[in-house]
Amino acid sequence: MASYSTNEFKRGLKVMLDGDPAAIVENEFVKPGKGQAFNRVKIRNLKTGRVIERTFKSGDSIEAADVVDTEMQYLYNDGEQWHFMHPESFEQVGADESAVRDSKQWLKEQDMCTVTLWNGAPIAVLPPNHVTLTVTETDPGIRGDTATGGTKPAILETGAVVQVPLFIEIGDVLKVDTRNGEYISRAKE
Amino acid sequence: MAGDDWRPTAAFAQLRERARILAGIRAFFVARGLLEVETPYLSAAGTTDPQIESFATEYTGPGAARGCRLFLHTSPEFPMKRLVAAGSGPIFQLARVFRNGEAGRRHNPEFTLLEWYRPGFDLDALMEEVAALVQAMLGERPVRKVSYQEAFVQSLGIEPHRATAAELRSAAAAAGLGEVPGLEGRDDWLSLLLTHVIEPGFPADTLTFLYDYPASQAALARVRLGDPPLAERFELYVGSVELANGFHELADAAEQERRFAAEREARRRDGQVDVSTDERLLAALAAGLPDCCGVALGIDRLVMLALGVDSIDQVLAFPFERA
């Protein structure tokens with residue numbers, strides 16, 4: 001089994017921690033002039049997203065995690081799983097709710113997403129930074145009101161709720177930033 | 001980085017501060033009557049301390065036609081004690097030293113160590129002189145002394161000289177440190193608690209002298225008999241940065257030889273490189289080392305503290321990645 005020694009520790013390194021894949025966020029070498037050396041790391045559990053601190057004896061090794069980020073196209077949701085396809089190999093994978101927890105409200109069929117695979121199975125999905133989605137529900141628009149700066153909630157085709165300007169109407173197509181959930185503009189079409 | 005890594009990582013203002021401190025240290029010791037000395041960086045013997053790894057190299061030439069192994073020193077301690085035993089009186093040295101495997105925010109595999117020896121001083125007198133030097137370089141700062149035992153009791157409620165490894169392990173868990181795979185010995189658990197819990201709690205900008213170490217961590221210090229026996233050793237921290245380590249120097253050649261043998265045995269058990277015992281140091285101790293105290297102080301960290309920077313790269317022209 002592949003493993004990494006503490007001397008290989010650096011930000012981004014993927015390792016196994018308590019049975020889960022994890023990524024090193026920060027690595028610090030700690031050594032008293034006389035005494036045992038340690039590597040003190042901050043490490044992110046890639047399944048839960050939680051960052052914890054751990055300490056290892058310098059020179060020890062820990063198991064590597066087979067984790068890769070892949071660009072894949074979102075296909076559909078069958079009620080249980082969210083399905084993605086590799087655009088060149090056409091290979092498909094199904095992601096569970098836990099992998100799309102934070103991203104499912106932005107997933108639109110045919111959009112390209114970053115899928116994190118652990119031993120070939122998806123554990124996390126990152127939507128594109130910007131998505132284009134249609135408004136399915138919102139209060140009637142106030143025509144021409146582009147100046148007052150007021151906002152109202154709008155429900156989009158994927159179920160996401162975003163604050164939009166008052167002039168937006170049902171059926172409008174919007175560009176939204178998935179990193180902060182903010183409205184950017186009306187899309188041209 | 002490609003194309004740019006010929007440049008220094010320290011700004012010139014930082015290198016000027018480094019030069020100012022080096023000059024200040026020399027002036028401080030000359031004013032106090034210490035002799036500046038230089039001792040070999042390369043030596044057939046090295047430190048046997050299992051926690052310190054030496055670099056080794058080879059010399060071939062006149063005097064060693066078939067080649068001989070030489071270690072780069074990890075501290076100038078042994079030859080400086082030989083000078084003291086030979087009657088040098090008080091001496092100091094600013095030396096580049098080399099330690100394999102040590103690199104990080106506060107470590108570079110080669111760094112500058114200030115070391116000085118004071119015949120006739122006790123540890124209290126030496127701590128006073130260390131504080132005077134550091135304050136001369138960094139400005140006035142509060143000074144406090146805490147015994148190793150008090151530090152553990154105050155911050156963890158645990159008695160470090162008597163607690164079992166299992167008790168130290170649960171103290172670590174209670175302090176929020178998870179399991180550390182493979183950590184077993186009492187001294188390793190004490191090191192963990194000291195570096196991860198106690199040191200970070202030391203008051204900022206204050207000089208903290210930690211003294212009366214466990215006898216098992218005496219290194220080259222005398223052990224004062226008692227219950228428990230205690231090592232006549234101190235460490236200085238500025239804030240939570242470990243800066244200096246001082247000893248009431250062990251002068252008993254037989255005891256020194258036993259410690260060297262025990263350390264070599266520990267190295268052998270763990271499959272580490274064997275390092276020859278320094279027979280000339282043992283001979284010097286046998287001839288008679290005057291009662292003395294000595295201390296080693298990390299210059300790079302002192303410059304970091306003077307500048308308020310938190311990475312050793314900022315005070316080195318070229319850290320090892322650019323050496």
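Biologist: Which residues is L133(A) in contact with, once its neighbours within four places in sequence are left aside?

Modeller: This is a predicted model. With those neighbours left aside, L133(A) touches K108(A), L156(A), E157(A), T158(A), A160(A), L174(A) and V176(A). L133(A) itself sits in strand β12 of chain A, which covers residues 130-138.

Biologist: Is L133(A) buried or exposed?

Modeller: A residue counts as buried if 20 or more other C-beta atoms lie within 10 Å of its own. L133(A) has 24 other C-beta atoms within 10 Å, so L133(A) is buried.

Biologist: How far apart are L133(A) and P32(A) in sequence and in space?

Modeller: They are separated by 101 residues in sequence, and by 56 Å from C-alpha to C-alpha.

Biologist: Where do the side chains of strand β8 of chain A point?

Modeller: They alternate along the strand, which spans residues 82-85.

Biologist: Which strands pair with β8(A)?

Modeller: One partner is β7(A), residues 67-77, which pairs with β8(A) in the antiparallel sense over four bridges. Within that pairing, Y74(A) has F84(A) as its bridge partner. The other is β9(A), residues 92-95, also antiparallel to β8(A) over four bridges.

Biologist: How many residues lie between the strands of each hairpin?

Modeller: Four residues lie between β7(A) and β8(A), and G79(A) in that turn has a positive phi of about 100 degrees. Six residues lie between β8(A) and β9(A), where F90(A) in the turn has a positive phi of about 65 degrees.

Biologist: In what order do the strands of the open sheet with β2(A) stand?

Modeller: The order is β2-β3-β4-β5 in chain A, four strands with antiparallel pairing. β2(A), residues 14-17, and β5(A), residues 51-57, stand at the edges with a single partner strand each, so one side of each has no neighbour in the sheet. From one strand to the next, the twist averages 45 degrees.

Biologist: How many bridges join β2(A) to β3(A)?

Modeller: Four bridges join them, and the two strands run antiparallel; β3(A) covers residues 20-30. V15(A) is opposite A22(A) of β3(A).

Biologist: Which element of chain B lies across this sheet?

Modeller: Helix α6(B) lies across β3, β4 and β5 of chain A, at about 60 degrees to β4(A).

Biologist: How many residues does each chain bring to the contact?

Modeller: Chain B brings 24 residues and chain A brings 16. On the side of chain B that touches chain A, α6 (186-198) and β11 (241-248) each supply at least two residues. α6(B) gives the most to that side, with seven residues. By class, that side of chain B has eight nonpolar, ten polar and six charged residues.

Biologist: How does one describe two packed helices?

Modeller: One gives the angle between their axes and the distance between the axes. In chain B, the axes of α7 (residues 253-269) and α8 come within 8 Å and cross at roughly 155 degrees. That makes α7(B) roughly antiparallel to α8(B). The residues in contact are A253(B), Q256(B) and E257(B) of α7(B), and L282(B), L285(B) and A286(B) of α8(B). Four of these residues are nonpolar, one is polar and one is charged.

Biologist: Why is helix α2 of chain B described as largely enclosed?

Modeller: Because seven of the nine residues of α2(B), residues 77-85, are buried. Those buried are E77(B), F78(B), P79(B), M80(B), K81(B), V84(B) and A85(B). The buried residues pack against β5, β6, α8 and β12 of chain B. Just after the helix, G87(B) has a positive phi of about 100 degrees.

Biologist: How many residues are in the largest nonpolar core?

Modeller: It has 95 residues, and W116(B), V130(B), L193(B), L297(B) and L302(B) have the most contacts inside it. Leaving out residues up to four places away in sequence, V130(B) touches L236(B), A244(B), G246(B) and V295(B). A second, separate core has 25 residues, including V100(A), A124(A), V125(A) and V135(A).

Notes. Residues numbered from 1 in each chain as written. Chains lettered and ligands numbered in written order. Predicted model: local features only at pLDDT ≥ 70, side-chain atom pairs only at ≥ 80, totals over all residues. Contact = placed C-beta atoms within 7 Å. Nonpolar A, V, L, I, M, F, W, Y, C, P; charged D, E, K, R; others polar. Buried ≥ 20, exposed ≤ 12 C-beta atoms within 10 Å, placed from the backbone. Axes fitted to C-alpha atoms, helices over the stretch in contact; angles between N-to-C directions. Parallel < 35°, antiparallel > 145°, perpendicular 65-115°, else oblique. Core = buried A, V, L, I, M, F, W, Y, C linked by C-beta atoms within 7 Å. Pairing = 2+ DSSP bridges.
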